[in-house]
Amino acid sequence: MWHSRNMLPTGAIAGFVFVFGLIIGSFLNVCISRLPEGKSVVAPRSRCPKCGAPIKPWDNIPVLSYVFLLGKCRACRTSISPIYPTVELVTGLLFLACYAAFGNSVVTAKWIAFCAILIVLVFTDWRERVLPDKVNFAGLAIGLLLSFFLHPEDGAALWLANHIFEFPPPTPVISFADALIGAIVGGGILWVIGEGYFRIRGREGMGLGDVKMMLMAGSFLGLRRTILTILLGAVLGMILGGIFMLASRKGSDYELPFGTFLGAAAVLVIFFGTPIVAWYQALFQIR
Ligand SMILES: [Zn+2]
């Protein structure tokens, strides 16, 4: 066949996507450790947090270096946190899952970008209770921009347009409106919950970081999957947070990393959101 020369076997592309994920994961580690402190993610080169020795390029190979160095700094033998190889591995696996689920398409690129953003937020919130503005706002910009190049998926904007206009607006406009609706509703719901909690309890229960995070996530997910993410995040928070509080006996004053649960929920929604929404709508005959 004349075109077979240009076609890489699927296994080779999958392998490339996985390795690409490991490398991006290595960069996400830098974001996770530096962004909460307001430091640059570009310079200087990574150093051992204990002895300050610069990490050599050949000691900075994702996952493998950690295994070869037995999880210790080459210079001072201090143990390196297993979070680093975990982030790399999770990134590689999620990129691979996006490719497996969505194939060779712009859609895959969109979900890969979303996964990378979520991984940073999940870990900064878990470790430092911080959801950096830089990540949220850059993510929101990416989500809104990408919506112009993808077909509308949610249906909310199309439903609205059909009720307002005689003729449906062009596809990119509908798609952008879906992203905008998702962002506004996602951020809005969390703002209302946070404000309500503050009025009732008299103290901050949820930071604006969670609001901005859902503003960002909404632009990728659209209305329905955004609502699903918030519900799922709340359920995960109650179950996992409850178990953690019981196990560590930290009591109800312990601040849960809600952004971590929202991020985990959003990842689940990428892969299972559409069938869950369809099942729910069939169940209640909503269209
Ligand atoms: Zn060291």
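In this predicted model, five residues of domain 1 make contact with six residues of domain 2. On the side of domain 1 that touches domain 2, the residues divide into five nonpolar, no polar and no charged. The two domains cover residues 1-104 for domain 1 and residues 129-287 for domain 2, and their C-alpha centres are separated by 27 Å.

A pair of helices was examined next. Two packed helices are described by the distance between their axes and by the angle that the axes form. Helix α4 spans residues 106-128 and helix α5 spans residues 133-147, and their axes come within 11 Å of each other while crossing at roughly 165°. Because angles over 145 degrees count as roughly antiparallel, α4 and α5 are therefore roughly antiparallel to each other. The crossing of these two helices, α4 and α5, is left-handed. On the α4 side, the contact is made by K110, A113, I117, V120 and L121, which meet V135, G139, I142 and L146 of α5. Grouped by class, the residues in this contact of α4 with α5 comprise seven nonpolar, one polar and one charged.

Attention then turned to a loop position. P168 is located in the loop that runs between α6 (156-164) and α7 (171-201). Because 13 C-beta neighbours lie inside 10 Å of P168, this residue counts as partly exposed. When residues up to four places away in sequence are left out, P168 touches L158, A161 and N162. For one of these residues, L158, the separation from P168 is ten residues in sequence and 7.5 Å in space, taken from C-alpha to C-alpha.

Notes. Residues numbered from 1 in each chain as written. Predicted model: local features only at pLDDT ≥ 70, side-chain atom pairs only at ≥ 80, totals over all residues. Axes fitted to C-alpha atoms, helices over the stretch in contact; angles between N-to-C directions. Helix = DSSP H or I, 4+ residues; strand = E, 2+ residues; numbered from the N terminus. Parallel < 35°, antiparallel > 145°, perpendicular 65-115°, else oblique. Left-handed = near helix turned anticlockwise from the far one by under 90°. Contact = placed C-beta atoms within 7 Å. Nonpolar A, V, L, I, M, F, W, Y, C, P; charged D, E, K, R; others polar. Buried ≥ 20, exposed ≤ 12 C-beta atoms within 10 Å, placed from the backbone. Domains from an automatic or database assignment.
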